[in-house]
Amino acid sequence: MNIKIVRYFVSKLIQVEAGLMLLPCLISLIYGEPFSNLLSFLIAMGIIFLISFVITTKKPELKTLHTKEGMLIVALTWISWTCFGALPFVISGEIPFYIDAVFEMASGFSTTGASILRDVESLSHSTLFWRSFSHLIGGMGVLVFALAIFPTGASETVHLMRAEVPGPRFGKLVSKLKETALILYTIYFVLTLITVILLIFGGMNVFDSFCHSFGIAGTGGFSTRNASIGFYNSAYIEWVTGMMMLMFGMNFNLFYMVILGQVVSVFRNEELRVYLSVIISATGIITLTNHLNGIYTDLATNIRHTFFSVSSVITTTGYLTVDFSDWALTALTIFALLMFIGGMAGSTGGGFKVARLTIAGKSMFNEFRLMQNPRRVTVTKFNQSPLTVDQVTRIRNYSLAYIFCLVLIILLITPDTPDMQTAISAGMNTFNNIGVGFATDGSSVPFTDYNVFSKIVLIFSMIAGRLEIYPLIVLLSPNTYLSKS
Amino acid sequence: MQIVIGGAGKIGQALCLELADEGHDIILIEKDENTIERIIERSDISGIAGSVVDYDIQIEAGVPDCDLFISVTGNDEINLISAILADRLGAGYTVARVGDPQYGTHMGLMRRALGVSLMINPKLEAAREIAKSISSPSSVSVESFVHGRVNMHEMIIDECSGLCKLNLSDFRKRFTSLIVCAVQRGQEVVIPGGSFIFEAGDVVLLTGFIRDLEQFCIKNGIAQKPIKDILVIGGGEITDYLCRILERSTRKYKLTVIEQDEDIAWALAAEHSDITVLHGDGTDHDVLQEINYDLYDAIVALTGIDEENIMIGLLAAQKSIRKIISKVNRTEILPIVQDNGLQTIITPKSIVTEHLVRFVRAHQNAMGSNVEALHRIFNNAAEVLEFCVRPDSKIIDTPLKELNLKDNILIVFILRINQVIFPTGDDVIKADDHIVVVSKEKMFDDVDDILSDQKNKPKFLDDIADVEVEPLRADKDPADEY
């Protein structure tokens with residue numbers, strides 16, 4: 001265990017966060033906010049730098065970095081970014097309680113979009129921007145971002161990226177890690193910019209366009225409006241948002257392949273096919289149930305709201321246009337299933353990931369075949385290439401870890417919830433990084449009323465969901481810190 | 001022709017014997033002197049002991065002046081490198097035996113890039129042979145001509161068939177579109193005339209359009225429905241090729257493969273998702289019973305051991321499996337199974353030898369002879385030859401009935417641009433036609449060789465109507481695509 005390198009990386013990475021805080025400072029100046037807002041960010045930056053110097057300043061001699069250290073760095077960085085990112089809210093007094101601020105930040109970085117705020121419209125521009133901006137950073141990953149902008153020579157940093165990029169398999173686009181990170185971030189930013197422009201065309205004001213685009217890009221879901229996207233009541237904005245959410249729920253490697261001109265292989269991608277067919281069938285079924293239950297008389301409106309909700313849930317974004325808690329139970333159950341599925345591997349979406357589900361499903365069918373003929377040799381294939389037994393086992397084990405964690409989270413918050421549905425909904429929404437919930441009293445429930453313990457559990461739930469469990473387990477496992485003695 | 005052969009393995013030896021018999025000058029390069037000695041004793045060739053990739057040895061063997069260089073050692077790389085070397089030294093044509101499936105997938109590219117005229121893969125050829133035989137289950141063996149558009153089927157006449165005791169003239173009246181090319185009775189092969197009478201146990205070589213052949217089979221109760229469920233025992237390379245060929249075929253097959261080695265089984269299952277791969281001993285009766293092997297339409301035995309393959313074939317024969325194909329590597333044990341007619345025997349070595357002899361003939365064409373393709377039938381007792389008729393040939397523009405052909409020769413069909421003609425006595429061969437001829441005599445080099453010197457009654461099918469005119473059905477040979 002090379003603790004020095006961990007300290008070094010964490011210290012460097014929180015400085016990056018301090019650097020990023022310059023952006024909300026700029027926003028504060030642009031919108032002529034009271035000086036106290038600007039000051040709150042500057043104080044936070046000061047604190048971060050101070051702490052980073054306390055942790056370490058020296059670059060360690062020994063630069064070896066293994067999977068364990070990588071996991072630890074990722075987990076610690078995410079937790080510290082969340083804790084420090086919450087400081088300006090508290091200093092400016094816009095979110096008076098620190099734990100609430102941390103919850104808001106964890107929700108931001110993990111791209112959950114669950115909020116403790118009942119009224120977001122009263123917040124200042126700089127706070128709203130910082131909140132939404134955290135989606136943009138968290139979506140692609142803070143370390144991937146750091147790798148993209150920092151001159152790092154160490155080849156070991158691949159462990160960092162592996163620990164942070166969502167999905168069962170991590171593949172580099174080009175042979176150099178830094179270039180891979182740069183390509184990913186370029187695609188990410190360009191797509192985000194396209195979203196901004198499309199939203200501005202839809203009549204959204206520039207500031208809101210940016211904030212919502214960040215939410216879409218990171219598949220987060222923080223809005224600048226209490227009524228979320230529904231505030232605008234514009235079919236154009238909803239379709240743009242819906243489509244762009246789907247784009248960000250796709251594996252970014254696919255966009256790179258499109259740029260390279262390999263369009264055919266993109267459409268041959270098995271995960272994409274599953275992803276799209278799930279979306280199409282879910283939209284179809286829910287539209288039908290809505291129609292049969294007479295929720296919408298007009299088919300166009302029906303499809304518009306259904307598609308938006310499906311897109312928002314499967315990509316784990318969590319934007320809302322309508323309150324779907326009064327939709328049929330079938331529809332709600334499908335939404336719950338979509339929450340589990342989540343986006344594609346290598347996207348900014350959360351959840352279990354389409355790739356894992358596909359592989360686990362295929363492996364299950366192979367098991368059925370084995371029942372019929374025990375001598376049969378079965379091979380689980382994904383994207384036309386066979387998976388080794390180890391790879392399949394890893395995915396099965398992840399499914400188990402996923403279920404255990406989810407059940408544990410739900411169990412821990414039950415003392416604080418009125419009923420089963422609320423507890424499950426809260427657990428799934430945070431763990432899958434969605435951020436909407438259907439509970440007894442409406443679908444978008446702010447998490448304001450939970451007690452401190454539940455909030456801490458949910459904070460962990462969000463980060464664990466975003467980092468796909470293992471980094472946090474490494475962080476919390478005592479074995480990690482055992483030295484040779 | 002001046003031919004240099006590298007490597008005296010199974011194929012090399014067979015080639016030496018065959019090609020020397022046809023009067024070519026053969027120089028054999030082989031590492032083992034004893035082997036050379038043994039072959040020289042049996043055939044009229046000369047040998048050089050040494051490595052085939054050795055520059056000096058190649059010079060000594062006269063590679064720069066040879067017409068054909070064939071490298072058939074057991075090692076792909078040696079074959080390729082020696083062929084490239086021979087090509088650069090100035091050999092007319094170069095042939096390399098390449099068995100690795102990794103090279104095998106892009107043979108065209110490899111061939112062009114390396115300057116090797118022909119790359120031949122025994123296992124792939126064997127797989128093609130098996131696929132062909134599976135696609136026409138009622139015949140014992142199938143030869144395809146004109147890129148698989150015309151097939152020759154070998155069939156056995158059994159006692160209860162309506163054909164028994166039928167004479168050939170009546171046969172022609174009943175099946176106007178089919179041609180009997182040759183008949184094997186016991187050890188003797190005849191090219192039948194009008195008075196020939198079929199007997200039970202005759203092996204008949206038939207040709208005609210595939211559709212007509214299928215109808216013929218159905219009418220005579222020879223064919224049942226096409227083969228669908230296939231059980232392959234042994235999951236080696238041939239199986240891999242076979243799966244690929246059958247996967248691409250237009251007809252859909254259901255394949256089950258039993259393989260003993262877990263890794264090989266896994267790799268096969270990973271490569272081909274549509275086939276069922278079982279891990280187990282395919283020679284174990286319990287394993288076979290567990291999967292109800294008697295319900296399969298065809299059983300293909302491709303294990304590494306000849307005897308096991310034959311045994312599996314015999315077992316399958318007991319269960320009246322419709323099509324049984326066994327791979328036998330060693331030609332020495334062939335006579336044991338050849339005669340019972342229950343199973344089709346595939347011998348990769350013979351297939352490759354046959355291909356290479358055909359290749360040699362084809363290239364002799366450029367130097368005077370004009371044999372385009374050559375098939376050996378009935379265990380080499382007769383030959384089917386495809387000729388290209390040149391404008392200066394003596395046989396053109398004469399009605400067939402006026403042609404004076406040698407004994408035991410039959411003009412089976414004429415291929416003219418895009419049509420196949422099963423000729424009558426009034427048909428005329430034109431320049432640039434391709435004709436296919438069945439002959440008991442071997443070693444024709446030119447189409448004019450079929451003409452007799454004496455005044456004999458010509459042999460052709462004078463009472464068969466011209467079946468032709470419609471453009472040929474593209475009855476795709478799956479093997480062609482691979």
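Hi everyone, let's start with chain B: 47% of its 482 residues count as buried, where buried means 20 or more other C-beta atoms within 10 Å of a residue's own, with C-beta atoms placed from the backbone. Please keep in mind that this is a predicted model, in which local features need pLDDT of at least 70, side-chain atom pairs count only at pLDDT 80 or more, and totals for chains, interfaces and linings use all residues. Residues are numbered from 1 along each chain as its sequence is written, and chains are lettered from A in the order in which they are written.

Chain B has 16 helices and 22 strands; these are DSSP runs, helices being H or I of at least four residues and strands E of at least two, numbered from the N terminus.

Now, the cores. A nonpolar core is a set of buried Ala, Val, Leu, Ile, Met, Phe, Trp, Tyr and Cys residues joined through C-beta atoms within 7 Å. The largest one has 128 residues, and Ala75(A), Trp78(A), Leu338(A), Leu458(A) and Ile463(A) touch the most other members. Its largest share, 9 residues, comes from helix α4 (residues 67-85) of chain A. Apart from that core lies another, of 90 residues, with Leu118(B) and Ala269(B) among them.

Finally, where do the chains meet? Strand β1 (residues 376-377) of chain A runs antiparallel to strand β14 (residues 276-279) of chain B, and 2 bridges join them; strands pair if DSSP finds at least two bridges between them. In this pairing, Val377(A) stands opposite Val277(B). Thanks, and I'm happy to look at the model together!

Technical notes:
A residue is buried if 20 or more other C-beta atoms lie within 10 Å of its own, exposed if 12 or fewer, and partly exposed in between; C-beta atoms are placed from the backbone.
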